[in-house]
Amino acid sequence: MRYVFDLGEQPSAALAGSEARFPVRRIYCVARNYAEHAREMGYDPDREPPFFFSKPADALVENGCDVPYPPRTNNLHHEVELVIAIGKDGRNIAVEDAESHIYGYAVGNDLTRRDLQSLAKKDGRPWDTAKGFDFSAPMSALHRVDEVGHLRQGRIWLTVNGETRQDGDLAAMIWTVPEVVAELSTLYELKAGDLIFTGTPAGVGPVKPGDAIECGVDGLDVLRHRIV
Ligand code: MN
(Lines give C-alpha, C1' and ligand atoms only; values in the text may rest on other atoms or scores of the structure.)
Protein backbone atom coordinates (compact mmCIF):
# COMPACT_ATOMS: atom_id res chain seq x y z
CA MET A 1 0.00 0.00 0.00
CA ARG A 2 1.27 3.45 -0.92
CA TYR A 3 -0.41 6.66 0.27
CA VAL A 4 -0.24 10.02 -1.47
CA PHE A 5 1.06 11.55 1.77
CA ASP A 6 2.01 10.50 5.30
CA LEU A 7 -0.54 11.07 8.08
CA GLY A 8 1.94 10.59 10.89
CA GLU A 9 1.81 8.14 13.74
CA GLN A 10 -1.05 5.93 14.88
CA PRO A 11 -2.62 7.59 17.97
CA SER A 12 -1.66 5.59 21.06
CA ALA A 13 -1.51 5.65 24.85
CA ALA A 14 1.34 4.86 27.22
CA LEU A 15 1.07 1.59 29.14
CA ALA A 16 2.21 1.64 32.78
CA GLY A 17 5.27 -0.53 33.36
CA SER A 18 5.80 -1.27 29.66
CA GLU A 19 7.74 0.05 26.69
CA ALA A 20 4.90 -1.05 24.42
CA ARG A 21 2.07 1.37 23.67
CA PHE A 22 -1.69 0.82 23.39
CA PRO A 23 -2.91 1.75 19.88
CA VAL A 24 -6.04 3.89 20.01
CA ARG A 25 -8.85 3.40 17.50
CA ARG A 26 -11.79 5.49 18.75
CA ILE A 27 -12.63 7.58 21.81
CA TYR A 28 -16.19 7.34 23.08
CA CYS A 29 -17.46 9.42 26.02
CA VAL A 30 -20.44 9.15 28.37
CA ALA A 31 -22.40 12.30 29.24
CA ARG A 32 -24.16 12.87 32.58
CA ASN A 33 -23.13 9.60 34.24
CA TYR A 34 -23.05 11.05 37.79
CA ALA A 35 -26.33 12.37 39.24
CA GLU A 36 -24.78 15.37 41.03
CA HIS A 37 -23.05 16.47 37.82
CA ALA A 38 -26.27 16.08 35.80
CA ARG A 39 -27.99 18.32 38.36
CA GLU A 40 -25.23 20.97 38.30
CA MET A 41 -25.74 21.13 34.50
CA GLY A 42 -29.48 21.65 35.00
CA TYR A 43 -30.81 18.15 34.21
CA ASP A 44 -32.84 15.60 36.20
CA PRO A 45 -30.90 12.30 36.19
CA ASP A 46 -34.07 10.38 37.10
CA ARG A 47 -35.73 11.49 33.86
CA GLU A 48 -32.80 11.63 31.43
CA PRO A 49 -30.39 8.68 31.33
CA PRO A 50 -26.71 9.11 30.32
CA PHE A 51 -25.80 9.13 26.61
CA PHE A 52 -22.74 9.07 24.34
CA PHE A 53 -20.61 11.39 22.23
CA SER A 54 -17.08 10.98 20.87
CA LYS A 55 -13.70 12.64 20.39
CA PRO A 56 -11.10 12.00 17.67
CA ALA A 57 -8.27 9.62 18.65
CA ASP A 58 -5.64 12.25 17.82
CA ALA A 59 -7.08 14.57 20.53
CA LEU A 60 -5.17 12.52 23.15
CA VAL A 61 -2.52 14.36 25.18
CA GLU A 62 0.22 12.41 26.96
CA ASN A 63 0.54 12.70 30.76
CA GLY A 64 2.74 15.67 31.69
CA CYS A 65 2.37 17.50 28.38
CA ASP A 66 1.07 21.05 28.13
CA VAL A 67 -2.41 21.73 26.71
CA PRO A 68 -2.70 24.87 24.56
CA TYR A 69 -5.77 26.94 25.47
CA PRO A 70 -8.09 26.17 22.53
CA PRO A 71 -9.41 28.80 20.11
CA ARG A 72 -13.04 30.06 19.89
CA THR A 73 -13.79 29.74 23.61
CA ASN A 74 -13.77 31.88 26.72
CA ASN A 75 -14.95 29.08 29.01
CA LEU A 76 -12.75 25.95 28.89
CA HIS A 77 -13.87 23.43 31.54
CA HIS A 78 -12.17 20.46 33.21
CA GLU A 79 -13.96 17.09 33.68
CA VAL A 80 -11.98 14.31 35.41
CA GLU A 81 -13.08 10.84 34.27
CA LEU A 82 -12.22 7.15 34.60
CA VAL A 83 -11.24 5.83 31.15
CA ILE A 84 -11.87 2.24 30.03
CA ALA A 85 -9.61 0.64 27.39
CA ILE A 86 -11.20 -2.13 25.31
CA GLY A 87 -9.00 -5.16 24.60
CA LYS A 88 -11.46 -7.54 22.93
CA ASP A 89 -13.95 -6.93 20.11
CA GLY A 90 -17.66 -7.36 20.67
CA ARG A 91 -21.18 -6.23 19.89
CA ASN A 92 -24.31 -6.63 22.02
CA ILE A 93 -22.07 -7.53 24.95
CA ALA A 94 -23.93 -8.79 28.05
CA VAL A 95 -23.39 -6.83 31.26
CA GLU A 96 -22.05 -10.04 32.89
CA ASP A 97 -19.45 -10.45 30.10
CA ALA A 98 -18.46 -6.79 29.82
CA GLU A 99 -15.43 -6.87 32.13
CA SER A 100 -13.83 -9.61 29.98
CA HIS A 101 -13.61 -7.04 27.14
CA ILE A 102 -11.66 -4.52 29.26
CA TYR A 103 -7.88 -4.30 28.82
CA GLY A 104 -7.20 -1.61 31.39
CA TYR A 105 -8.02 1.72 32.98
CA ALA A 106 -6.65 5.28 32.98
CA VAL A 107 -7.49 8.76 34.26
CA GLY A 108 -8.61 11.31 31.67
CA ASN A 109 -9.72 14.93 31.48
CA ASP A 110 -12.67 15.50 29.10
CA LEU A 111 -11.78 19.13 28.32
CA THR A 112 -14.87 21.03 27.14
CA ARG A 113 -15.48 24.38 25.44
CA ARG A 114 -18.51 24.97 27.69
CA ASP A 115 -19.66 28.12 25.90
CA LEU A 116 -19.81 26.26 22.56
CA GLN A 117 -21.60 23.36 24.27
CA SER A 118 -24.21 25.72 25.74
CA LEU A 119 -24.86 27.20 22.26
CA ALA A 120 -25.13 23.69 20.77
CA LYS A 121 -27.65 22.63 23.43
CA LYS A 122 -29.70 25.78 22.92
CA ASP A 123 -29.84 25.37 19.14
CA GLY A 124 -30.16 21.55 19.11
CA ARG A 125 -26.80 21.20 17.31
CA PRO A 126 -24.05 18.54 17.68
CA TRP A 127 -21.43 18.74 20.44
CA ASP A 128 -18.40 18.08 18.23
CA THR A 129 -16.89 21.57 18.40
CA ALA A 130 -17.47 21.69 22.18
CA LYS A 131 -15.90 18.30 22.89
CA GLY A 132 -13.80 17.00 20.00
CA PHE A 133 -11.19 19.74 19.53
CA ASP A 134 -7.40 19.37 19.29
CA PHE A 135 -5.71 18.47 22.62
CA SER A 136 -9.13 17.87 24.25
CA ALA A 137 -8.28 14.48 25.78
CA PRO A 138 -5.36 14.47 28.25
CA MET A 139 -4.96 10.93 29.63
CA SER A 140 -2.62 9.08 32.02
CA ALA A 141 -0.85 5.84 31.17
CA LEU A 142 -3.17 2.84 30.97
CA HIS A 143 -2.98 0.28 33.78
CA ARG A 144 -3.72 -3.29 32.76
CA VAL A 145 -6.53 -5.18 34.50
CA ASP A 146 -4.07 -7.91 35.52
CA GLU A 147 -2.19 -5.20 37.44
CA VAL A 148 -4.99 -3.14 39.04
CA GLY A 149 -8.09 -5.36 38.77
CA HIS A 150 -11.49 -3.91 37.88
CA LEU A 151 -12.31 -0.49 39.31
CA ARG A 152 -15.81 -0.41 40.81
CA GLN A 153 -15.37 2.14 43.59
CA GLY A 154 -12.73 4.57 44.79
CA ARG A 155 -12.03 8.26 44.91
CA ILE A 156 -12.01 10.30 41.68
CA TRP A 157 -10.71 13.86 42.10
CA LEU A 158 -9.28 16.91 40.33
CA THR A 159 -7.30 19.90 41.57
CA VAL A 160 -6.46 23.21 39.87
CA ASN A 161 -3.31 24.89 41.24
CA GLY A 162 -3.58 22.60 44.27
CA GLU A 163 -7.19 23.50 45.07
CA THR A 164 -9.73 20.66 45.01
CA ARG A 165 -12.47 21.21 42.42
CA GLN A 166 -13.89 17.71 41.95
CA ASP A 167 -14.01 14.96 44.58
CA GLY A 168 -16.33 12.01 43.95
CA ASP A 169 -16.46 8.22 43.98
CA LEU A 170 -16.62 5.77 41.08
CA ALA A 171 -19.44 3.99 42.93
CA ALA A 172 -21.70 7.00 42.18
CA MET A 173 -21.80 6.29 38.42
CA ILE A 174 -25.37 5.98 37.10
CA TRP A 175 -24.26 3.42 34.46
CA THR A 176 -21.56 1.19 36.00
CA VAL A 177 -18.48 0.34 33.94
CA PRO A 178 -19.98 -3.01 32.72
CA GLU A 179 -23.26 -1.25 31.89
CA VAL A 180 -21.40 1.43 29.88
CA VAL A 181 -19.60 -1.25 27.83
CA ALA A 182 -22.80 -3.25 27.30
CA GLU A 183 -24.88 -0.21 26.31
CA LEU A 184 -22.25 1.23 23.95
CA SER A 185 -21.84 -2.18 22.27
CA THR A 186 -25.50 -2.06 21.19
CA LEU A 187 -24.74 1.11 19.19
CA TYR A 188 -21.28 0.24 17.76
CA GLU A 189 -19.18 -2.88 17.47
CA LEU A 190 -16.48 -2.27 20.06
CA LYS A 191 -12.94 -3.06 18.94
CA ALA A 192 -9.66 -3.56 20.72
CA GLY A 193 -8.08 -0.11 20.85
CA ASP A 194 -11.28 1.77 21.74
CA LEU A 195 -11.28 4.07 24.77
CA ILE A 196 -14.36 5.09 26.75
CA PHE A 197 -14.41 8.18 28.99
CA THR A 198 -17.05 7.25 31.58
CA GLY A 199 -18.35 10.66 32.72
CA THR A 200 -17.41 13.22 35.34
CA PRO A 201 -18.53 13.79 38.94
CA ALA A 202 -19.81 17.20 40.11
CA GLY A 203 -17.58 20.26 40.41
CA VAL A 204 -16.70 21.05 36.79
CA GLY A 205 -15.42 24.57 36.20
CA PRO A 206 -13.20 26.85 34.12
CA VAL A 207 -9.43 26.75 33.66
CA LYS A 208 -7.17 29.40 32.14
CA PRO A 209 -3.63 29.63 30.75
CA GLY A 210 -1.07 29.05 33.49
CA ASP A 211 -3.30 26.69 35.50
CA ALA A 212 -1.80 23.38 36.67
CA ILE A 213 -4.33 20.52 36.72
CA GLU A 214 -3.99 17.22 38.56
CA CYS A 215 -6.50 14.38 38.08
CA GLY A 216 -6.64 11.14 40.04
CA VAL A 217 -8.49 7.88 40.48
CA ASP A 218 -7.53 5.58 43.36
CA GLY A 219 -5.08 2.95 42.14
CA LEU A 220 -4.00 4.74 38.93
CA ASP A 221 -1.26 7.22 37.97
CA VAL A 222 -1.99 10.90 38.67
CA LEU A 223 -2.57 12.82 35.42
CA ARG A 224 -0.78 16.19 35.42
CA HIS A 225 -0.96 18.90 32.77
CA ARG A 226 -0.73 22.65 32.46
CA ILE A 227 -2.88 24.94 30.31
CA VAL A 228 -0.64 27.24 28.24
MN1 MN B 1 -17.40 14.36 30.30
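**Positive phi angles and their surroundings**

A: Phe135 lies in the loop that joins helix H3 (128–131) to strand S10 (137–139), where helices (H or I, at least four residues) and strands (E, at least two) are DSSP runs numbered from the N terminus. This is a predicted model, in which local features need pLDDT of at least 70 and side-chain atom pairs count only at pLDDT 80 or more, while totals for chains, interfaces and linings use all residues. Residues are numbered from 1 along each chain as its sequence is written, and side-chain values use heavy atoms, with hydrogens and water left out.

The phi of Phe135 is near 65 degrees, a positive value in a residue other than glycine. Phe135 counts as partly exposed because its relative accessible area is 40%; on this scale buried means under 20%, exposed means over 50%, and partly exposed is in between, with a 1.4 Å probe and protein chains only.

Arg32 also has a positive phi, of about 55 degrees, although it is not a glycine. Arg32 sits in the loop between strand S3 (27–31) and helix H1 (35–40), and is classed as buried because its relative accessible area is 11%.

Elsewhere in the model, the manganese ion is coordinated by Glu79 (OE), Glu81 (OE) and Asp110 (OD), at 2.0 to 2.1 Å. Donors are N, O and S atoms within 2.8 Å of the metal (3.2 Å for Na, K and Ca), and since water is not among the atoms, sites may look incomplete. Along the chain these donors follow the spacing E-x1-E-x28-D, and both Glu79 and Glu81 are buried.

Turning to the strands, four of them form an open sheet in the order S13-S12-S16-S17, with antiparallel pairing; two strands pair if DSSP finds at least two bridges between them. Strand S13 (163–169) and strand S17 (223–226) are the edge strands, each pairing on one side only. Neighbouring strands of this sheet are turned by 10 degrees against each other on average, direction ignored, with axes that are lines fitted to C-alpha atoms (for helices over the stretch in contact) and angles that run from 0 to 180 degrees between N-to-C directions. Within the sheet, strand S12 (residues 155–160) pairs with strand S16 (residues 212–217) in the antiparallel sense over five bridges, and Trp157 has Gly216 in S16 as its bridge partner.
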